[in-house]
Amino acid sequence: MQDIRNIAIIAHVDHGKTTLVDKMLMAGNLFRENQQTGDLILDNNELERERGITIFSKQAVIKTENTEITLLDTPGHVDFSSETERTMQVMDYAILVISARDGVQVHTETLWKLLSRYNVPTFVFVNKMDLDDTDKTLIMKNLRDNLGEGCVDFSEKNDDFYENIALCDEMSMEKYMEEGSLSTEEISVLIKERKVFPCFFGSALRLFGVSEFIEGFEEFTE
């Protein structure tokens, strides 16, 4: 029996949210982009095509070996933020998409506060890492300064990975000091409790980091 996850994809406008949704679906081998027109899978309303933004929330499903993920693409433009807020009340998790070049903007902070209000566990996908002058270290500092110390780089499980997670919770730090690591289940609980916010990096347009993000999301959700 597959686990089921209901997640909302949210972002400030033009950060690549809908492109990420489409590429996640493609990575799941469920849909194909129209090779002749380059049409997006979800933003297919005439008004959305005309304006180049998401106006109406839509859903699609990714099925992996063990998990069924329902993706809800929400409007990114501030004029339609009430539509986004409504989805937060029924989501298991959220994915906040942030442009590597633009970083955390005012509307991003507003969305972050709404996620806190509705107590939604949140993953961060830093998009457009293929652009020039993107620096992961500076981006992580921007995330931690503006969104909180719970933002942790999950893209590389290096020597600092478990320590950075443990720093977000006193009991986890004690466990880490004793054993030098934390289990996947323990990390998943910290994410569910909104003590840790996993951050992944990639380029949705170029399908860079998308499969790894899906795998990470599946691994660290419960």
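**Exercise 1.** Is glutamate 219 buried, partly exposed or exposed, and what is its relative accessible area?

*Solution.* The model is predicted, with local features needing pLDDT of at least 70 and side-chain atom pairs counting only at pLDDT 80 or more, while totals for chains, interfaces and linings use all residues. Residues are numbered from 1 along each chain as its sequence is written, and side-chain values use heavy atoms, with hydrogens and water left out. Buried means under 20% relative accessible area and exposed over 50%, with partly exposed in between (1.4 Å probe, protein chains only). Glutamate 219 has a relative accessible area of 35% and is therefore partly exposed.

**Exercise 2.** Find the salt-bridge partner of glutamate 219 and say which parts the pair ties together.

*Solution.* A salt bridge is a side-chain nitrogen of Lys or Arg within 4 Å of a carboxyl oxygen of Asp or Glu. The side chain of glutamate 219 meets that of lysine 157 at 3.2 Å, N to O. Because glutamate 219 lies in helix H9 (residues 210-219) and lysine 157 in the loop between S6 and H6, the pair ties together parts that are 62 residues apart in sequence. Helices (H or I, at least four residues) and strands (E, at least two) are DSSP runs, numbered from the N terminus.

**Exercise 3.** Describe the salt bridge between lysine 136 and aspartate 153.

*Solution.* The closest N and O atoms of lysine 136 and aspartate 153 are 3.8 Å apart. Lysine 136 belongs to helix H5 and aspartate 153 to strand S6, so this pair joins parts 17 residues apart in sequence. Lys136 and Asp153 are also linked with Glu156 in a network of salt bridges.
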